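Please take a moment to look over the sequence and the model shown below. The explanation that follows is intended for a reader who meets this structure for the first time.

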Amino acid sequence: MTVDNKGEPNRIPRSLARAVALPRSSGLALDWGALDWRGWLERNLAHEIEQRRLFPWLAVCFGFGIILFFQAEQPSLWAPLGAVTVLTAAAVWLRHNLLALSACVGLAAVFAGFSAGVIRTRSVAAPVLTRTVIAPISGFIDAVEDREEGKRILLRVSSLQGVTEAERPLLVRVSIRNGDRLSAGQFIAGTARLLPPPQPAWPGGYDFARDAYYRGIGAVGSLTGAVRQLESPTSLDWSLWLAARVDEARNTLTQRIAASIGGAAGGVGAALVTGKRGLIGEPANDVLRAAGIYHIVA
């Protein structure tokens with residue numbers, strides 16, 4: 001009921017009040033009972049099999065399992081391996097049911113990806129430096145990368161003064177201004193300034209520390225002062241000898257490609273073929289990052 005200008009009450013029709021007060025249907029009601037989700041899924045699975053596209057979904061499921069692994073804080077190994085075994089047996093048992101077979105195989109691939117993440121992480125576990133260290137260091141050169149100014153080397157550490165063997169990184173990546181005479185396989189000594197591998201610069205950014213961990217690199221930094229080449233205290237093992245030969249071949253090919261093409265394009269072309277990015281100038285790096293395609297050479 002409302003009041004008009006003369007103060008007399010006006011009555012709103014009951015039908016109008018009911019239409020305003022009661023909720024009105026949008027006409028888009030969804031009948032969930034009419035959805036045949038099982039039939040829809042089976043039809044799509046049959047279509048994928050007909051087009052021979054079902055098998056590539058295993059890679060998607062496997063990758064999803066790896067993503068789940070990175071979300072876990074302290075993942076175990078027995079649980080995902082047990083799930084893979086059970087689901088594989090179930091897939092064999094239910095092989096005549098297309099929907100059940102596909103579900104079991106897909107879930108088995110998910111748990112297999114999770115298991116692969118656990119196995120890989122445990123296989124590369126190595127000490128990581130937790131503080132800044134400036135101390136004498138010695139070790140074998142595992143790889144050498146040319147840069148516009150100096151070189152960057154991957155050093156397999158034999159000794160690091162002031163750091164216990166349990167805390168000593170197995171590999172460190174260090175830069176040096178004058179390293180023309182250095183090559184993979186040499187045993188060198190000098191003074192190093194080492195830092196823990198850097199964390200992402202922003203949330204969701206490139207995680208160098210994680211990448212370094214899976215490469216066995218426990219510290220980064222530089223060699224200061226004179227670097228001495230010494231007689232090897234032990235003979236080269238087969239893995240270091242092979243790494244040295246492969247690195248020499250990569251460096252030779254990098255220099256040949258860069259010299260043949262010339263300029264910034266030569267550095268980029270060499271990086272695309274050999275993975276050695278040291279000859280790419282900083283201006284070219286900035287352009288690649290701004291264009292969002294730096295991952296191609298990284």
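The model described here is a predicted one. Its protein chain contains 9 helices and 7 strands. The chain has 298 residues, of which 34% count as buried. Among the contacts in the chain with a separation of 6 or more, 66% are accounted for by residues 24 or more positions apart.

Strand 4 pairs with strand 3, residues 133–146, in the antiparallel sense, and 9 bridges are found between them. Within this pairing, Ala143 is placed opposite Leu154 of strand 4. Strand 3 and strand 4 form a hairpin with 4 residues between the strands, and there Gly150 adopts a positive phi near 80°. Strand 4 is also joined to strand 5, residues 171–176, by 6 bridges, and these two strands run antiparallel. In that pairing Arg156 stands opposite Leu171 of strand 5. As background, the side chains of a regular strand alternate between the two faces of the sheet.

Lys151 belongs to strand 4. Is Lys151 buried or exposed? Its relative accessible area is 11%, which is under the 20% limit, and Lys151 is therefore buried. Leaving aside residues up to four places away in sequence, Lys151 touches Val144, Glu145, Asp146, Val174, Ser175, Ile176, Gly179 and Asp180.

Gln161, in turn, is found in the loop between strand 4 and strand 5. With a relative accessible area of 53%, Gln161 lies over the 50% limit and so counts as exposed. When residues up to four places away in sequence are not counted, Gln161 touches Ala135 and Pro136. The C-alpha atoms of Gln161 and Ile137 are separated by 6.6 Å, although these residues are 24 residues apart along the chain.

The discussion now turns to the helices. Two packed helices are described by the angle between their axes and the distance between the axes. Helix 4, residues 78–93, packs against helix 5, residues 98–123, at an angle of about 160°, and their axes are 8 Å apart. Helix 4 is therefore roughly antiparallel to helix 5, and their crossing is left-handed. On the side of helix 4 the contact is made by Pro80, Leu81, Ala83, Val84, Leu87, Thr88, Ala90 and Ala91, while helix 5 contributes Leu101, Cys104, Val105, Leu107, Ala108, Phe111, Ala112, Phe114 and Ser115. Of the residues in this contact, 15 are nonpolar, 2 are polar and none is charged.

Helix 5 also packs with helix 3, residues 57–71, at an angle of about 45°, and here the axes are 7 Å apart. Helix 3 and helix 5 are therefore oblique to each other, and helix 3 passes helix 5 in a right-handed crossing. Helix 3 supplies residues including Leu58, Cys61, Phe62 and Phe64 to the contact, and among those from helix 5 are Val105, Gly106, Ala109 and Val110. The residues of this contact divide into 14 nonpolar and 5 polar, with no charged residue.

Key:
Residues are numbered from 1 along each chain as its sequence is written. This is a predicted model: local features need pLDDT of at least 70, side-chain atom pairs count only at pLDDT 80 or more; totals for chains, interfaces and linings use all residues. Side-chain values use heavy atoms; hydrogens and water are left out. Two strands pair if DSSP finds at least two bridges between them. Axes are lines fitted to C-alpha atoms, for helices over the stretch in contact, and angles run from 0 to 180 degrees between N-to-C directions. Angles under 35 degrees count as roughly parallel, over 145 as roughly antiparallel, 65 to 115 as roughly perpendicular and the rest as oblique. A crossing is left-handed if the near helix is turned anticlockwise from the far one by less than a right angle, and right-handed if clockwise. Contact means heavy atoms within 4.5 Å. Ala, Val, Leu, Ile, Met, Phe, Trp, Tyr, Cys and Pro count as nonpolar, Asp, Glu, Lys and Arg as charged, and the others, Gly among them, as polar. Buried means under 20% relative accessible area, exposed over 50%, partly exposed in between (1.4 Å probe, protein chains only).
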